[in-house]
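Here is a short briefing on pockets and on one helix that helps to line them. Look at the model first, then read on.

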Amino acid sequence: MAAQHRLVVEAGRRIHLVEQGAGPLVLLVHGFPECWYSWRHQLPVLAAAGYRAVAVDVRGYGRSSKPAATDAYRMVELVADNVAVVRALGEESAVVVGHDWGAAVAANSALLRPEVFRAVGLLSVPYTPRGGPRPSDVFAQLSGGGGDGGDGGGEEFYVSYFQEPGRAEAEIEPDVRGWLAGFYGALSGDTMPGPGAPDPHFVGGGGTLRDRFPAGRLPEWLGERELDVYAAEFERTGLTGALNRYRNMDRDWEDLAAYDGAPITQPSLFVGGGLDASTTWLADAIEAYPVTLPGLVSSHILDGCGHWIQQERPDEVNRLLVDWLAGLPAA
């Protein structure tokens with residue numbers, strides 16, 4: 001059964017998705033800066049294993065809705081989008097699997113709507129329960145002195161850099177393809193900067209993120225054709241919808257106050273890259289899984305792998321996903 005593109009509309013939400021296979025529903029949620037295409041290696045394998053695999057364009061990306069209001073990209077809206085997709089497909093429940101920001105969306109979908117999402121798989125970004133200081137304060141602390149994006153001499157964390165509407169867009173949109181190539185390369189296991197090189201997660205005083213991206217070759221997982229697909233999507237849509245996810249982290253912190261410290265109890269899976277900053281920086285979150293993910297079935301770190309895990313190591317990720325799904329209770 002070939003993959004099929006669909007637009008579904010439910011409760012006023014328009015979501016583009018790509019669907020392949022029949023059986024229990026597995027909803028695949030991408031991260032930044034990607035689209036449904038980042039699951040191209042998983043869709044046919046999950047379909048062949050007896051699942052209805054559905055990869056969405058998250059709101060703000062691809063052919064899905066792109067509301068103008070910044071606060072339309074808060075976490076509770078993205079969770080509602082996932083529920084709307086399940087309902088529009090005529091299903092009562094789904095397994096949800098996410099990568100990068102999609103992992104956070106998947107985790108919160110399972111947390112807020114456990115009656116819909118019966119299991120959750122997290123790729124690259126560990127589950128970290130809501131809690132602690134306001135996110136913007138945390139990210140400001142990660143930035144060095146003068147890292148306000150002006151003429152100071154310090155470093156600014158990329159999430160802080162993304163906060164001001166239009167600022168990151170001004171860096172990215174004049175050369176979307178070149179910027180994406182550099183960003184993907186900066187976080188890939190085979191092309192990321194080596195030890196001692198300036199960290200591409202930070203912006204130098206008065207500089208741009210791109211200043212620290214590697215140049216000269218694409219990572220092994222990313223050919224010219226694949227890069228063309230991503231570039232074409234963002235050249236058409238711009239980056240504001242995608243970046244607005246970062247601009248809602250304080251709103252999420254407020255919206256989810258009732259879930260402070262809450263565990264996710266459904267069966268879960270985590271797969272991270274051994275060279276991924278999301279894995280190394282959040283090692284404490286992984287160690288806390290017995291408390292925060294009491295339903296964890298298995299947790300895996302892929303040696304030598306960077307951030308784009310299901311594209312860098314598709315065969316390994318597919319095997320781990322299929323094995324985990326096969327062991328879940330029947331829908």
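Helix 3 (101–112) gives the most to the lining of the largest pocket, with six residues. This is a predicted model, where local features need pLDDT of at least 70, side-chain atom pairs need 80 or more, and totals for linings use all residues. Numbering starts from 1 along each chain, and side-chain values use heavy atoms, without hydrogens and water.

**Largest pocket**
- Its volume is about 1,400 Å³; a pocket is an open set of 1 Å grid points where a 1.4 Å probe fits, with protein on both sides within 12 Å along at least five of seven lines.
- Of 49 lining residues (an atom within 4 Å of a point), the closest to the centre are Val-125, Thr-128, Phe-139, Met-249 and Leu-282.
- Elements giving two or more lining residues include helix 4 (135–142), helix 7 (176–186) and helix 10 (249–255).
- The lining divides into 35 nonpolar, eight polar and six charged residues.

**Second largest pocket**
- About 290 Å³ of space lies here.
- Met-192, Pro-193, Asp-199, His-201 and Leu-275 are the closest to its centre, of 18 lining residues.
- This lining has 11 nonpolar, five polar and two charged residues.

**Helix 3**
- Helix 3, a DSSP run (H or I, at least four residues), has 12 residues and reaches 16 Å from first to last C-alpha, close to the 16 Å expected at 1.5 Å a residue.

How values were computed. Points joined across faces, edges and corners; volume = space filled by probe spheres on them. Nonpolar A, V, L, I, M, F, W, Y, C, P; charged D, E, K, R; others polar. Expected span 1.5 Å × (residues − 1).
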